[in-house]
Amino acid sequence: MALEDSRSSTLPSFLYKSKGFKAPAPAIPINGQSSRFLIPSPDETRKIAMYSPEFYAACTVGGALCCGLTHTAVTPLDVVKCNMQIDPAKYKSTASGFGTLYREAGPKGLFKGWVPTLFGYSAQGAFKYGLYEFFKKYYSDLAGAENAYKYKTFIYLAGSFSSEFFADIALCPMEAVKVRVQTKPGFANGLLDGLPKITRAEGVAGLYRGLVPLWGRQIPYTMMKFTCFEATVEALYKNVVPKPKDECSNVEQLGVSFAGGYIAGIFCALVSHPADNLVSFLNNTKDATVGQAVKSMGLVALVTRGLPLRIVMIGTLTGAQWVIYDAFKVFVGLPTTGGVSKAPEELTTPLPLPTA
């Protein structure tokens, strides 16, 4: 019974409701044990229990796919952005940055660092999404049903903070290799020669020199990403979408996921951009400190350098990530993320007894 109870959650069911899903009747205890809560899959031949090991495994794989694939796809934008941050005199704008890189290195130059990008952001996405689902349930259970509903924004913030803390530890070594490959001509061709070059010169610690600024960039980014997404999706279903979520097709629900993700991505870029500039500077300048980086760049440049390009990149990236993540969840038999919040009393109101 303890195992089954641990898989129940005080999170309202609106968070996990998909087209065609009908809420089951209240579980009837059998020999003191309640039945498992199952989510119908699209083909009805397989079922994944909410908060089971299979549920968290699916969210982990979906997170790895959505982050790894999207970050790798925008590698050319990332290469230009990083070089604009490191050498603004040479890379004055997005258009000229693309032109300069293409002239100097050809098409291959625009995809420098794609391998550490793929591996690093796949690992980060696995921790980010898998642990977010875990911590969201964990903190909701700690808070209780009424408080989880009343303070759901804090649940989202706490869950995303906790998940990103661990996700960045997985990302940091690949990020260090990626930035140097992209911004230091002749440093290395990619992951296979870049990683050992760093460890030989600086030890394993060299791979984590940028961890604190990475936390400074990614934790606010992820807190905004998940919290703004949840709030935006709820607002869209309340005020824009003309019918309830469970009456929307999967395509319509994924459209809401993309819109919510893109809007969240714009705010993500704004809150995390100064730290993104610091990460690029520190990974490219040996023995530099955060204070030296801020002094060298200046506060205005720290906030604005490369920002327009990053807004476009992160907005598109975040919208695409949510579509891939939710599409994968639907594929394996889970509902999309987000929906209209309901108070605990709305979820627990008993059905009227039939009259004679």
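Reply: Start with a cut-off. Buried means under 20% relative accessible area, exposed means over 50%, and partly exposed is in between. Keep in mind that this is a predicted model.

Me: Why is Phe134 called partly exposed?

Reply: Its relative accessible area is 37%. That value falls between 20% and 50%, so Phe134 is partly exposed.

Me: What makes Phe135 buried or exposed?

Reply: Phe135 has a relative accessible area of 13%. That is under 20%, so Phe135 is buried.

Me: How do you know that the rings of Phe134 and Phe135 are edge-to-face?

Reply: Two checks. Ring centres must lie within 6.5 Å, and planes over 60 degrees apart count as edge-to-face. Here the centres are 5.2 Å apart and the planes are at 75°, so the pair is edge-to-face. Phe134 and Phe135 also belong to a cluster linked by ring pairs, which includes Tyr51 and Phe55.

Me: Why is the pair of Phe226 and Trp322 called edge-to-face?

Reply: The centres are 5.4 Å apart, with 85° between the planes. That angle is over 60 degrees, so the label is edge-to-face. Phe226 lies in helix 9 and Trp322 in helix 13, so the pair ties together parts 96 residues apart in sequence.

Me: What makes Phe226 and Trp322 buried?

Reply: Phe226 has a relative accessible area of 0%, and Trp322 has 1%. Both values are under 20%, so both residues are buried.

Me: How do you know that the charged end of Lys225 sits over the ring of Phe226?

Reply: The distance to the ring centre must be within 6 Å, and the charge within 35 degrees of the ring normal. The charged end of Lys225 is 5.9 Å from the centre, and it is counted as sitting over the ring.

Key: Residues numbered from 1 in each chain as written. Predicted model: local features only at pLDDT ≥ 70, side-chain atom pairs only at ≥ 80, totals over all residues. Heavy atoms only, no water. Phe/Tyr/Trp six-rings, centres within 6.5 Å; stacked < 30°, edge-to-face > 60°. Buried < 20%, exposed > 50% of the residue type's maximum accessible area, 1.4 Å probe, protein only. Helix = DSSP H or I, 4+ residues; strand = E, 2+ residues; numbered from the N terminus.
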